[in-house]
Amino acid sequence: MTTLKHIFVAFFIIIFSVLTTYYLKPSNPIRLTILFLMLGFFIFNLIIRKHLLYKNYFTSTYNILTAKVHYEVTYDISIDLMFEKVIEVINNSNFKLVESSKSTYEILAITPISLKSWGENLYIDFNVKDEKTIIKFCSATLFQMYSWEKNKENYDELLNNIEKSLVI
Amino acid sequence: MAIIVNLDLVLVKRKMKLKELSEKVGVSTVNLSILKQGKVKAIRFSTLNSICLALNCQPGDILEYVE
């Protein structure tokens, strides 16, 4: 279903681009408006990405311009220790810790811009169930519909780093 | 797991805080806390060596096998 959505949106953008290029001159106000809207939208995303407050905006299924993946992992370690551990792991990795909230057990980390993407937001939530800590990861792209497996790579890298750090 | 970590007992006997041990051994307090709970995946010989050196004890004082 997600792939179908991506194909549909990509198809729409291609058709739209072709039609506007064909029918509208480069100086046409409609074309310029669309260009500025897209640029504005990108800058808007760039500004708000560093706040946990806008987590739902990036991770929402209705936001079709960002690709996101959700993963879950359980550890038999207390939530407080696990929270500290994940922060420690992020600080010792390629991810950049942006915001963390001990009261809600939420972490936001970002990845730098690469050839594959404009960077991703990594949202990490902690919950307790049966005295075990459930860590929920959500990696969302900043402004692209297809992540080129970067979201999955982020999850694998973080999980790998956590596992490695549990060997002391 | 039947291996019990008695690090907290040894720390009490030596009257040493976890933070102090962390500074001496060069392992973060988070990692030592996880070790204390017996939840680490593995412990390196070098780390065990440093802990024994800092606490002036034997590996058997820290790790215990129970049936």
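Tutor: Start with A:Leu35, which is found in helix H2 (residues 29-48) of chain A. Helices here are DSSP runs of H or I with at least four residues, strands are runs of E with at least two, and both are numbered from the N terminus. This is a predicted model, in which local features need pLDDT of at least 70, side-chain atom pairs count only at pLDDT 80 or more, and totals for chains, interfaces and linings use all residues. Residues are numbered from 1 along each chain as its sequence is written, while chains are lettered from A and ligands numbered from 1 in the order in which they are written.

Is A:Leu35 buried or exposed? A:Leu35 is exposed, because it has 12 other C-beta atoms within 10 Å. The cut-offs are these: buried means 20 or more other C-beta atoms within 10 Å of a residue's own, exposed means 12 or fewer, and partly exposed lies in between, with C-beta atoms placed from the backbone. Now look along the chain to A:Ser100. A:Leu35 and A:Ser100 are 65 residues apart in sequence, and their C-alpha atoms are 35 Å apart in space.

Step back to the whole of chain A. Chain A has five helices and five strands. Their order along the sequence is α-α-α-β-α-β-β-β-β-α. The C-alpha trace of chain A spans about 65 × 30 × 25 Å along its principal axes. Of its 168 residues, 23% count as buried. Take the contacts in chain A with a separation of 6 or more: residues 24 or more positions apart account for 60% of them. Two residues are in contact if their C-beta atoms, placed from the backbone, lie within 7 Å.

The largest nonpolar core has 19 residues, and A:Val86, A:Ala109, A:Leu122, A:Ile124 and A:Phe137 have the most contacts inside it. Such a core is a set of buried Ala, Val, Leu, Ile, Met, Phe, Trp, Tyr and Cys residues joined through C-beta atoms within 7 Å. At least two residues of this core come from each of H4, strand S3 (106-110), strand S4 (120-129) and strand S5 (132-141) of chain A. H4(A) gives the largest share, five residues. Now pick out A:Phe137. Neighbours within four places in sequence aside, A:Phe137 touches A:Tyr71, A:Leu122, A:Ile124, A:Tyr155 and A:Leu158. Another core, of 10 residues, lies apart from the largest one, and A:Ile168, B:Val25, B:Ile51 and B:Ile62 are among its members.

H4(A) also packs on a helix. The axes of H4(A) and helix H5 (residues 150-165) of chain A come within 10 Å and cross at roughly 110°. Axes are lines fitted to C-alpha atoms, for helices over the stretch in contact, and angles run from 0 to 180 degrees between N-to-C directions. H4(A) and H5(A) are therefore roughly perpendicular to each other. Under 35 degrees counts as roughly parallel, over 145 as roughly antiparallel, 65 to 115 as roughly perpendicular and the rest as oblique. The crossing of H4(A) and H5(A) is right-handed. On H4(A), the contact uses A:Lys85, A:Val86, A:Glu88 and A:Val89, and on H5(A) it uses A:Leu158, A:Asn161, A:Ile162 and A:Ser165. By class, this contact has four nonpolar, two polar and two charged residues. Ala, Val, Leu, Ile, Met, Phe, Trp, Tyr, Cys and Pro count as nonpolar, Asp, Glu, Lys and Arg as charged, and the others, Gly among them, as polar.

Where do the two chains meet? Their contact takes 10 residues from chain A and 15 residues from chain B. On the side of chain A, helix H4 (residues 79-91) gives the most, with four residues. That side has five nonpolar, no polar and five charged residues.

Finish in chain B, with B:Lys15. B:Lys15 lies in the loop between helix H1 (7-14) and H2 of chain B. B:Lys15 is exposed, because it has 7 other C-beta atoms within 10 Å. Its phi is near 55°, a positive value in a residue other than glycine. Most residues other than glycine have a negative phi. B:Lys15 and B:Leu55 are 40 residues apart along the chain, yet 9.8 Å separates their C-alpha atoms.

Notes: Left-handed = near helix turned anticlockwise from the far one by under 90°.
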